[in-house]
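Please keep the sequence and the structure in view while reading.

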Amino acid sequence: MWTCKNLWKKLAPLARSSSTLCRQNARGVLFNNERRLPLVPQAHMSSGTPGSGGDNNLYYLLVGATCVGGGFYAYRTIKGDKERYQERINEIASRPNKVVPEQPITEAPAAEPATVAPAEVPAPTPVEFPSHAPYLLIGGGTASFAAARSIRARDPGARVLIITDEPDLPYMRPPLSKELWFSDDPSVVDTLRFKQWNGKERSIYFQPPSFYVSPQDLEKVENGGVAVLTGKKVVHMDVRGNKVTLSDDTEISYDKCLIATGGIPRNLQVIERAGEEVTKRTTLFRKVEDFKALDKVSRDTKSITIIGGGFLGSELACALGRRSADSDLEVIQMFPEKGNMGKVLPEYLSNWTTAKVKSGSHCQPRLGVAVITEALVKAVSFKDGKVEIKLKDGRVVKTDHIVAAVGLEPSVELAKSAGLEVDSDFGGFRVNAELQARSNIWVAGDAACFYDIRLGRRRVEHHDHAVVSGRLAGENMTGANKPYWHQSMFWSDLGPDVGYEAIGIVDSSLPTVGVFAKATAKDTPKAATEKSGTGIRSESETEGTANSPVASSTPEPPPVPEQKDNYGKGVIFYLRDKVVVGIILWNVFNRMPVARKIIKDGEEHADLNEVAKLFNIHDD
Amino acid sequence: MSSVKEEGKDRVIFVTKEEHEAPSNAELVEEDPDDPYEERGLILPNGEINWNCPCLGGMASGPCGASFKEAFSCFHYSKEEVKGSECLEQFRGMQECMQRYPELYPQEDDKETQGGPSEKDPSKQDSAPEPTPTPPVQDSSPSTAPADTPPPSNSSASG
């Protein structure tokens with residue numbers, strides 16, 4: 001009501017002048033014939049015009065109408081927003097092949113009970129759950145596993161319970177879009193084993209089942225352990241009571257809790273609305289089951305289109321393009337940017353990379369991948385047995401299957417019941433520099449929007465970050481009180497010729513300085529790993545790291561096409577206010593500690609060429 | 001000769017090997033060895049063992065974590081002439097435990113598949129370090145860290 005009063009005060013002079021005009025125009029018509037409006041109490045009037053009660057009535061009418069109109073509009077907008085938000089949540093929740101989450105148990109009348117249908121429910125015999133877990137980790141991915149290991153290392157005899165809605169034990173994600181596709185083993189889809197940088201084979205699972213304790217033994221086993229509850233989803237969190245509720249209404253209480261729920265792949269709205277014939281021919285790639293499904297699709301279809309030009313999209317394009325060497329598979333990649341990794345690499349480098357992807361000289365010597373840049377998908381339909389993708393500029397692409405790699409939506413459904421803050425800029429749960437959301441609750445991995453002391457608030461969706469943040473969360477859950485300090489890195493390979501490692505904020509919208517040397521045939525990811533034997537490309541030293549493919553069965557890649565500017569190898573600095581906030585090591589390996597140091601210092605360097613010298617880019 | 005190009009807001013410099021041979025005059029901030037935030041290697045500044053060192057892999061956190069910690073602590077603080085000679089009991093205990101989990105702690109002689117496939121879970125993999133009866137524990141994961149030597153650069157504080 002006070003706003004109305006203020007509004008009134010502001011509008012009164014305006015109303016006054018307009019009413020004068022009105023009076024002049026409508027004298028004798030409007031005021032004399034209209035029924036007199038109830039007079040506003042004297043106290044509210046800020047105008048002292050010697051006007052008749054009619055003037056005041058008009059002021060009141062105008063301002064009142066504005067207030068009501070404004071209020072009505074605001075109400076509708078908020079309601080609409082809420083509806084749109086709910087719609088979006090429901091859309092995400094109701095995707096096919098997904099576990100439908102139950103609405104959190106709140107007072108909201110809109111809550112609809114939805115039954116959960118986990119992908120593969122374990123055997124009919126009911127598993128006994130522990131009723132209390134000193135350390136409860138929600139989510140069974142990389143961050144969660146890293147935290148579990150950290151907790152066990154620091155708190156002897158700790159009892160850690162991981163709850164995951166997937167049927168699998170914790171596994172690492174990078175090989176799903178890289179190494180597993182390059183394996184020569186035809187049974188790789190079942191074994192999920194791949195060859196590491198050092199030639200040794202390993203499974204994507206962090207640990208075999210024998211590492212874990214069974215949930216029912218967790219409370220009793222002598223030295224504690226890590227137990228994993230698969231196929232269960234946490235749907236409600238009671239922060240005051242320190243307990244969570246699962247989809248089957250079981251309650252588990254905790255002392256300390258980690259939320260590492262990761263996220264689910266985003267989809268394009270045009271695909272979601274395109275009908276079942278299209279959606280069932282669309283893969284949203286994230287989990288083991290998606291890898292298995294896509295592997296099958298790649299053998300059964302003739303044409304796959306990948307929508308998305310970022311890490312996942314480009315890696316899958318490379319992986320599928322490689323597979324197309326043995327079959328007739330047509331692989332198309334399309335994205336709205338001008339080049340692959342358009343949001344990460346500076347334009348000149350993105351263009352150079354795209355040219356390589358197109359020519360196929362990178363990961364697939366013969367066929368290559370058909371890359372369609374600046375492609376905005378307007379509509380998708382299913383016609384004559386083919387999926388038809390219509391682009392905004394009129395081009396039409398006909399394909400058998402779509403893989404959408406258009407980003408990740410962090411899973412924050414628990415925020416509501418837990419009363420946790422969700423970040424509006426980056427998405428995810430908002431946590432402090434020590435990854436804490438509230439007392440006894442930490443968040444790590446893809447779902448955590450945290451404060452990086454050096455680089456500011458951010459949310460990072462990379463494997464090494466999941467390891468680093470998971471480990472840190474585990475440390476803090478056992479009393480370390482350390483902030484996010486060890487900068488995580490990431491890497492990407494686009495075949496044996498183009499590979500890079502990166503650290504910090506690597507955003508193509510920032511000004512960059514790139515220092516390059518002419519590349520020789522010796523400077524490729526393949527050569528680097530073969531030669532060094534001991535060098536690693538990933539800084540996170542837990543077992544959960546996968547590195548570039550070594551055993552590539554492709555023949556010698558053709559000589560690099562002579563280009564005016566050959567960005568063979570070098571260092572690219574990303575600057576924000578003249579300070580280096582991100583670095584890419586382009587085909588330069590085993591120099592990550594130097595890069596990490598430069599970012600940590602946060603100094604202004606006058607000549608970045610001098611800084612580049614520290615990397616010895618000309619050496620192997 | 002180096003060449004400098006401006007591609008909009010991005011600068012590109014091509015340099016020859018000779019140009020980069022001269023030592024860099026870029027200044028780096030001096031490292032603080034007592035920085036509480038830094039990632040530590042295997043041995044903490046106060047002399048204690050950092051059980052959370054990535055170099056240990058899953059050794060301290062797995063089912064045999066407790067016995068591993070006992071054995072390794074004993075070795076670390078041993079002041080004997082032959083370091084760790086009084087720790088045989090602990091190491092035996094550790095080995096016994098590890099033998100109960102051949103999947104997690106494969107012995108040197110049976111590297112890959114051996115015996116019935118029904119025994120081996122398809123997701124068998126090499127757990128980080130390969131336990132040997134005598135210290136130091138060899139680590140087969142990417143970052144190697146023999147017990148008492150300083151950790152490799154990739155996990156050091158100044159990294």
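A residue is called buried under 20% relative accessible area, exposed over 50%, and partly exposed in between. By this rule B:Y37 is partly exposed, because its relative accessible area is 33%. The model discussed here is predicted.

**Surface patch**

B:Y37 is found in the loop of chain B between β2 (10-14) and α1 (65-77). Together with A:Y451 and A:I453, B:Y37 forms a nonpolar patch on the surface, and the accessible area of these residues together is about 250 Å².

Chain A contains 16 helices and 28 strands. Of its 620 residues, 55% count as buried. The chain exposes about 26700 Å², of which carbon and sulfur atoms supply 52%. When contacts in chain A between residues at least 6 apart in sequence are considered, 68% join residues at least 24 apart.

The largest nonpolar core comprises 108 residues, and A:L136, A:I204 and A:L294 are among those with the most contacts inside it. The most is given to this core by helix α4 (residues 142-154) of chain A, with 6 residues. Apart from this core lies another, of 49 residues, including A:W491 and B:V12. With neighbours within four places in sequence left aside, the contacts of A:L294 include A:W181, A:F285, A:L316 and A:V403.

**A serine in helix α4**

Is A:S150 buried or exposed? A:S150 counts as buried, because its relative accessibility is 0%. This residue belongs to helix α4 of chain A. Its side chain and that of B:N52 are joined by a polar contact of 2.6 Å. Beyond neighbours within four places in sequence, A:S150 is in contact with A:R471, A:G474, A:E475 and B:N52.

**Salt bridges**

Side chains of opposite charge can pair when their charged atoms come close. Over all chains, a search of the whole structure finds 36 salt bridges. Some of them are listed below.

| A:D217 | A:K220 | 4.0 Å |

In the bridge between A:D217 and A:K220, A:D217 is partly exposed at 36% relative accessible area, whereas A:K220 is exposed at 63%.

A:D248 is partly exposed, with a relative accessible area of 36%, while A:K232 counts as buried at 19% relative accessibility.

Because B:E31 lies in the loop between β2 and α1 of chain B and A:K597 in helix α15 of chain A, the pair joins two chains. Salt bridges that share partners join A:K597, A:K600, A:D601, B:E31 and B:E38 into one network. B:E31 counts as partly exposed at 26% relative accessibility, and A:K597 counts as buried at 8%.

**Residues with positive phi**

Most residues other than glycine have a negative phi. A:D384, which is not a glycine, has a positive phi near 50°. A:D384 is placed in the loop between β14 (377-383) and β15 (386-391) of chain A, and it is exposed, with a relative accessible area of 78%.

How values were computed. Residues numbered from 1 in each chain as written. Chains lettered and ligands numbered in written order. Predicted model: local features only at pLDDT ≥ 70, side-chain atom pairs only at ≥ 80, totals over all residues. Heavy atoms only, no water. Patch = residues over 30% accessible without salt bridge, like charges linked within 9 Å, V, L, I, M, F, W, Y side chains within 5 Å. Areas by Shrake-Rupley, 256 points an atom, 1.4 Å probe, with all protein chains shown as cover. Salt bridge = Lys/Arg side-chain N within 4 Å of Asp/Glu carboxyl O. Helix = DSSP H or I, 4+ residues; strand = E, 2+ residues; numbered from the N terminus. Buried < 20%, exposed > 50% of the residue type's maximum accessible area, 1.4 Å probe, protein only. Core = buried A, V, L, I, M, F, W, Y, C linked by side-chain atoms within 4.5 Å. Contact = heavy atoms within 4.5 Å. Polar contact = N/O pair within 3.5 Å; in protein donor to acceptor, adjacent residues only side chain to side chain.
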